[in-house]
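Have the viewer open and follow along.

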Amino acid sequence: MPASLPFFIGLRYFRKGAGDDRFLSLMSWFSLLGMMLGVVSLIVVTAVMNGFEAELQKRVLSVLPHAYVEGPNQRLDDWPAQRQAIASAPGLKASAPYVGGKAMLSAAGRIQGVAMYGIDPELERSVSSVAEKMIAGRYLSETPGHYEVVVGDILARQLDLMPGDTLRVILPKVTVTPFGLFPRERVFTVVGMFSAGAQLDASTAFIHLQDAQKLYQLGTAVQGLRLQFSDLLQSAKWSADLLPLLPKGSTVVDWSASQGSLFQAVKMEKLMVRLLLMFIVIIAAFNIISILSMAVSSRRGAIAVLRTMGASPGSITGVFIVYGVATGLCGVLLGLLIGVPLAVNIGDVVAWLESVTGLYVFDPQVYFISRIPSLLRVTDIVWICGFGLALSVLATLYPARQAAKVQPAEALRYE
């Protein structure tokens, strides 16, 4: 028997349904559609989750650095020399000094805890885009001593602040006086508000570096350096390489550690959604097992004839493997052809549906985004298609082996 014959017979069964059975042909189409829907769902949802993760990274890291160096005992005395020492480190684009810590802001009878950073307004431009995120007022002046502060727009709303208003900064440190212990505090003037489009807008404030040094009583020292790398995905490795260049006792923390809980939550959510959608593909694979098992049962006579004509058990196995794989392959290809354009244009599709129905997926008044982001990666497409094809092949093995075990004499006894 020609080696290509199982291939052609398997394709014939796929095109017309084994034994021209309409019910079996309908089941084949359902199995193909199930595989297609599974692939489309995985491609679209994975692209959307990637888009959310990338959007979150972009927004958070527009205000926070890729990494930061903290000096021994949270103090870096000769910071210009240390900044110069790491300037030529691999992957490092820029660095800027900072003084930072927890603080409380009090205004209009309200108190809010924040993360407050003292920065050099000019040097900070190279490690974050706070200056470009201003939506009201202005950025910090380069001249210290005016005790200016810029706050996130959500924080400003919570404290009912506008540019020109004053607030009181209270540190979790005490000053000893003849009258007792008092928390260290200072009145600052709000000069501007920024918006990164993330939760940081509700908990972040910036003041001038020298004002922070006076407030924290550090003299000319700083707490550490804020770092910007050429590739944020490599920041963990490049950050570790900086330690030998820094004073003993220094620590380097990259964004994946400082914001680890946030991004780990996103990754976990993406993993769980992907696992749930994979069951659609798994169910489609079970459908392939069903249609092949029914095909073997309905074509026992044809199998017996092929065996008497010299077909080997391997050839019979090949017929039904081709039948099942063709079903899965067509489902995967159709899913790819539909899923990729849909994933790339999902934002436009959802926007059109919103305009037609009047319903909004993301209300701009509630959420930080008003449009569904999407980021399609080739590796994800390869993984999804490979998963669908692998399940299609595995689903054919048991029915194909059962077909190869059909005995010609027994099958033809009642024909």
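## One face of H7

Helix H7 (residues 235-242) has Ser 235, Trp 238, Ser 239 and Leu 242 as its buried residues. Buried here means under 20% relative accessible area, exposed is over 50%, and partly exposed is in between, with a 1.4 Å probe and protein chains only. Look down the axis of H7 and those buried residues fall within an arc of 105°, so they line one face of the helix. The arc is taken over the directions from the helix axis to the C-beta atoms.

## Ground rules

This is a predicted model, where local features need pLDDT of at least 70 and side-chain atom pairs count only at pLDDT 80 or more, while totals for chains, interfaces and linings use all residues. Residues are numbered from 1 along each chain as its sequence is written, and side-chain values use heavy atoms, with hydrogens and water left out.

## The whole chain

The protein chain has 14 helices and 10 strands. Both are DSSP runs numbered from the N terminus: helices are H or I with at least four residues, strands are E with at least two. Of its 415 residues, 47% count as buried.

Take the contacts (heavy atoms within 4.5 Å) with a separation of 6 or more: 80% of them in the protein chain are between residues 24 or more positions apart. The accessible surface of the chain is about 20,700 Å², and carbon and sulfur atoms hold 61% of that. Areas come from the Shrake-Rupley method with a 1.4 Å probe; for residues, only the protein chains shown count as cover.

## Around Val 332

Val 332 sits in helix H11 (residues 313-344) and is buried, at 2% relative accessibility. Which residues does Val 332 touch, leaving aside its neighbours within four places in sequence? They are Met 35, Val 39, Cys 385, Gly 388 and Leu 389. Its C-alpha atom is also 8.6 Å from that of Val 40, which lies 292 residues away along the chain.

Cys 385, one of those contacts, is itself buried at 12% relative accessible area. Cys 330, at 28%, is partly exposed. As for disulfides (pairs of cysteine sulfur atoms within 2.5 Å), the structure holds zero.

## A nonpolar patch

Met 268, Leu 271, Met 272 and Leu 275 make a nonpolar surface patch of about 360 Å². Met 268 belongs to helix H9 (residues 260-298) and is partly exposed, with a relative accessible area of 48%.

Patch residues have over 30% relative accessible area and no salt bridge; like charges are joined within 9 Å, and nonpolar side chains (Val, Leu, Ile, Met, Phe, Trp, Tyr) within 5 Å. A salt bridge puts a side-chain nitrogen of Lys or Arg within 4 Å of a carboxyl oxygen of Asp or Glu.
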